Number of protein chains: 2
Amino acid sequence: MIYELASIKIDPTKSNEFEAAVKSAAPLFKNSKGCIAMNLQKIIENDGEYLLQVTWESLEAHIVDFRNSQNFQDWRALAGPFFIEPPKVVHSDIIGSFF
Amino acid sequence: MIYELASIKIDPTKSNEFEAAVKSAAPLFKNSKGCIAMNLQKIIENDGEYLLQVTWESLEAHIVDFRNSQNFQDWRALAGPFFIEPPKVVHSDIIGSFF
């Protein structure tokens, strides 16, 4: 199990519309092979910045299966128009959840 | 409820020792007022980079109560020697957990 960590920047005046777009796109993730969970976080200090944290069964489930799927195309069609720069995406292994 | 998102860089040859130090520091967080959960993530793409994600009841629980506590001093004494630059810390509101 790994996390996808996507740092997203949008025009902060479009926050409500962006958040609605991500919510409407959630089924695209839910219906994708190997996708376990997804949350959207709004960075408090920096207006217009978000972190999309998606839990995948494996790195491959995200970067091979999802990125080559129609669901990815549909996700980008919904959310992409809000991005004011390409999202910065990394992945992480969970070393420990301590309590 | 908010997340603290601390991006941490260490010397990657000291990963095992750093991860052990964070694990040993977990009770300092657990015993702090308003601290709900904590996990440590290792960034897959960038050697020596970690994300410490701490769930707090409020922003104040982290930046006022915790940062002025002995637990914070003790945490920094354990983990600080591994940092090769000051951690980049932001906080986030959870807009939605979609499934």
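Guide: One term before we start. Helices (H or I, at least four residues) and strands (E, at least two) are DSSP runs, numbered from the N terminus. Also, this is a predicted model.
Visitor: Okay. How many helices and strands does chain A have?
Guide: Chain A has three helices and four strands.
Visitor: And in what order do the elements of chain A run from the N terminus?
Guide: The order is β-α-β-β-α-α-β.
Visitor: What about size? What does the C-alpha trace of chain A span along its principal axes?
Guide: About 35 × 35 × 20 Å.
Visitor: How compact is chain A next to a globular protein of that length?
Guide: Chain A has a radius of gyration of 13 Å, and the globule rule gives 13 Å for 99 residues, so chain A is as compact as a globular protein of that length.
Visitor: What share of the residues in chain A is buried?
Guide: Buried residues are 30% of the 99 in chain A.
Visitor: And contacts within the chain?
Guide: Take the contacts in chain A with a separation of 6 or more. Residues 24 or more positions apart make up 74% of them.
Visitor: New topic. How many residues of chain A are in contact with chain B?
Guide: 29 residues of chain A, in contact with 29 residues of chain B.
Visitor: Which elements of chain A supply at least two residues each to that side?
Guide: β1 (2-9), α1 (15-30), β2 (35-43) and β4 (88-97) of chain A. The largest share, eight residues, comes from β4(A).
Visitor: What is that side made of, by class?
Guide: On chain A, the side touching chain B has 16 nonpolar, seven polar and six charged residues.
Visitor: Back to β4(A). Which strand of chain B does it pair with?
Guide: β2 of chain B, residues 35-43. The pairing with β4(A) is antiparallel, over five bridges. In β2(B), B:N39 is the bridge partner of A:S97.
Visitor: Now the helices of chain B. At what angle do α1 and α3 of chain B pack?
Guide: At about 175 degrees, with the axes 9 Å apart. Angles over 145 count as roughly antiparallel. Therefore α1(B) and α3(B) are roughly antiparallel to each other.
Visitor: Which residues meet there, α1(B) against α3(B)?
Guide: From α1(B), B:A21, B:V22, B:S24, B:A25 and B:L28. From α3(B), B:N71, B:D74, B:W75, B:L78 and B:A79. By class, this contact of α1(B) with α3(B) has seven nonpolar, two polar and one charged residues.

Conventions
Residues are numbered from 1 along each chain as its sequence is written. Chains are lettered from A and ligands numbered from 1 in the order in which they are written. This is a predicted model: local features need pLDDT of at least 70, side-chain atom pairs count only at pLDDT 80 or more; totals for chains, interfaces and linings use all residues. Two residues are in contact if their C-beta atoms, placed from the backbone, lie within 7 Å. Ala, Val, Leu, Ile, Met, Phe, Trp, Tyr, Cys and Pro count as nonpolar, Asp, Glu, Lys and Arg as charged, and the others, Gly among them, as polar. Two strands pair if DSSP finds at least two bridges between them. The radius of gyration is taken over C-alpha atoms; the globule rule is 2.2 Å times the number of residues to the power 0.38. A residue is buried if 20 or more other C-beta atoms lie within 10 Å of its own, exposed if 12 or fewer, and partly exposed in between; C-beta atoms are placed from the backbone. Axes are lines fitted to C-alpha atoms, for helices over the stretch in contact, and angles run from 0 to 180 degrees between N-to-C directions. Angles under 35 degrees count as roughly parallel, over 145 as roughly antiparallel, 65 to 115 as roughly perpendicular and the rest as oblique.
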